[in-house]
Amino acid sequence: MSAELPSHILDQAIHWAVRLYSGTANASDHTACQQWRDADPLHEQAWQQVQAIEQDFLHIPRDRAPLASRTLASAASRRTRGYSRRQTLAMLGATIAVLGGGWLVQRAPWQQMSTYATAVGDRDQLFLHDGSRLHLNTDTSLEVRFSPLGRTIMLHRGEVFIETGHDGSAPMGKRRFWVTTPYARLEALGTQFVVRNLAEATQLHVREGAVAIHLEHTRIVARSGDTYLIRNSRLHPITRVSQAPLDPEAWTRNALIARGMTLTELIMELSRYHHAPLSCDPEVADMRVSGVFQLGETEPALHALRALSNTLPVSLTHKPDGGIHLMAQP
């Protein structure tokens, strides 16, 4: 690899590669990247070098994996001893040229491509190789895509709590951490946060640290305690939520905490943990509910509705399909 490429140009090329492979890149992103490549021959050269490393690391033969692993370990050591990104890229490029071939994607701890999901009513915790911890809420589906250039969580459905890891074993140093959804592109800045897919928006809540919300022409940093809604809207793409009727992170502590929610809103939340439909009569739909409902019960929705029937003037009707309907007490 050329020793003439400035490190900041290589960093830009890596940034574009991560952005285009995040899973949410649109036509404008690809056009902007092409404009950056066309603006300077060094940009194109850096892009080609980064592309070569990103793609060729997926083609190392199985019988040469031990040598590849030792070389990558040496590269990681060089980064920790102060070697520049350009020098490390050059070393990795030389390794690929010697080994040729796609294997490490399945075994190297800094490369990961996996899909995880939870069923309705179930929750799960995952610990990733970079040190990150994921807590999946009910009915959640996501994909983990880690590569030499970046870490990306693609949230397809549901809700996830993320505590980002230090990524200390990555050969090129700590990689940027992205979360993508149908409506949002988020960059973790060393933090703990919750991301939830709603019907027409993505909800972000930051427990600790900061998360950058990347929009088409701007970047907004959400900090500890902030809650935002991100929509696919030109007029109002992002809204800060001053006080949510539902605690956005209480579920990670096995609880659902409502503050002045309508009965309809609460039933919609409880429906996420119940296999059959939950409903209520229109005459009780606007009743306001506040309280703490435990999610660690065997049937948390049923447990919560029984508690409501003891404090509100409502009664429960059980349906043959397992559904539950709330109506005003006679």
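Student: Which strands does H7 lie across, and at about how many degrees does H7 run to S18?
Tutor: H7 lies across S16, S18 and S19 and runs at about 145 degrees to S18. The angle is taken between N-to-C directions on a scale from 0 to 180 degrees, with axes as lines fitted to C-alpha atoms, for helices over the stretch in contact. The model is predicted: local features need pLDDT of at least 70, side-chain atom pairs count only at pLDDT 80 or more, and totals for chains, interfaces and linings use all residues. Residues are numbered from 1 along each chain as its sequence is written, and side-chain values use heavy atoms, with hydrogens and water left out.

Student: Why are S16 and S18 said to stand at the edges?
Tutor: The open sheet has three strands in the order S16-S19-S18, with mixed pairing. S16 and S18 (314-318) have a single partner strand each, so one side of each has no neighbour in the sheet. From one strand to the next, the twist averages 20 degrees.

Student: How do you know that S16 and S19 pair?
Tutor: Pairing requires DSSP to find at least two bridges between two strands. S16 and S19 have three bridges, in the parallel sense, and therefore meet the criterion. Within this arrangement, serine 279 stands opposite histidine 325 in S19. H6 also packs on the sheet, touching S16, S18 and S19, and its direction makes about 170 degrees with that of S16.

Student: What makes the set that includes Leu256 and Phe293 a nonpolar core?
Tutor: The term denotes buried Ala, Val, Leu, Ile, Met, Phe, Trp, Tyr and Cys residues joined through side-chain atoms within 4.5 Å. Buried means under 20% relative accessible area, with a 1.4 Å probe and protein chains only. The largest such core has 28 residues, and Leu256 and Phe293 are among those touching the most other members. H7 gives the largest share, five residues.

Student: Which residues is leucine 256 in contact with, neighbours within four places in sequence aside?
Tutor: Contact means heavy atoms within 4.5 Å. The partners of leucine 256 include Leu246, Leu266, Tyr273, Gly291 and Phe293.

Methods
Buried < 20%, exposed > 50% of the residue type's maximum accessible area, 1.4 Å probe, protein only. Helix = DSSP H or I, 4+ residues; strand = E, 2+ residues; numbered from the N terminus.
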